[in-house]
Amino acid sequence: MDFFPYGEAELAYLKKRDKRMAWAIERIGMIQRPIIPDLFQALVHAIIGQQISTKAHTTIWGKVQLLTEDITPQSILTLTPETLQSIGISFKKVGYIRGIAQTMAEGNLSKSQLQGMTDKEICQTLSALSGIGTWTAEMIMLHTLLRPDVFSYGDFGILRGLRMLYRHKEIDKKRFERYRKRFSPYGSVVCLYLWAIASGTIEELTDPIVKQSKRELK
């Protein structure tokens, strides 16, 4: 399995920029975040996972892997829509997947093409695909294209991690942008730590919103 690459240079920079982040990095240590290097596989994986549970996502992805030895645009196009639907992929998602497969099979989209673009251009190109929104495009940028400075305002885990680490009850766009600038050019590495915090890796860090809600119920 491959993981998002980063090391001491990125961590030293972030520790110098922010004391709270430095504390979190020391507490958590190095994070192994799995990546999907293949662009088409990453896009299919992302579409399958939309609006379903993690367990269902894992199950359906495993069934896709059983259908074809190698998940490529060409191999997916050899499968009928009915075959893809039979393993639990919705009619709409099958259309998205086959549309992207056709686009890539015709040479109109590739990982090498994207790598020559700016982050903004990549996001615009990917989110123009049916079934791919801004957040999904940003996750592809981080987990497949390995862009170092992805910091998604649309990611609930990132927002929750910021609330928990910095004790904010709200992360509006203006405050988020201040953090983005502070952590640039290594926003992607910060995301790894914020996701870890949001999932409860540091037990004493709670979400201020949750605490507020509990008080209001008393």
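1. Gly29 comes directly after helix α2 and has a positive phi, near 80°. At the other end, where α2 starts, the backbone nitrogen of Arg20 lies within 3.1 Å of a side-chain oxygen of Asp18.

2. The structure is a predicted model. Its protein chain has a mean pLDDT of 95, with 96% of the residues at 70 or more. Residues 212-218 should be read with this in mind: pLDDT stays under 50 there, and the model gives this stretch two contacts beyond four places in sequence.

3. Helix α2 spans residues 19-28, and its buried residues are Met21, Ala22, Ala24, Ile25 and Ile28. Viewed down the helix axis, these buried residues fall within an arc of 165°, and they therefore line one face of α2. Lys19 and Glu26, on the other side of the helix, are exposed.

4. The largest nonpolar core comprises 67 residues, and Leu43, Phe151 and Tyr193 have the most contacts inside it. Helix α13 (residues 187-198) supplies the largest share of this core, namely nine residues. In soluble globular proteins, nonpolar side chains tend to be buried together.

5. Which residues does Phe151 touch, leaving aside those up to four places away in sequence? Phe151 is in contact with Ile158, Leu162, Phe176, Tyr179, Arg180, Phe183, Gly187, Val190, Cys191 and Leu194.

Note on methods. Residues numbered from 1 in each chain as written. Heavy atoms only, no water. Core = buried A, V, L, I, M, F, W, Y, C linked by side-chain atoms within 4.5 Å. Buried < 20%, exposed > 50% of the residue type's maximum accessible area, 1.4 Å probe, protein only. Helix = DSSP H or I, 4+ residues; strand = E, 2+ residues; numbered from the N terminus. Contact = heavy atoms within 4.5 Å. pLDDT = per-residue confidence, 0-100. Arc of directions from axis to C-beta. Polar contact = N/O pair within 3.5 Å; in protein donor to acceptor, adjacent residues only side chain to side chain.
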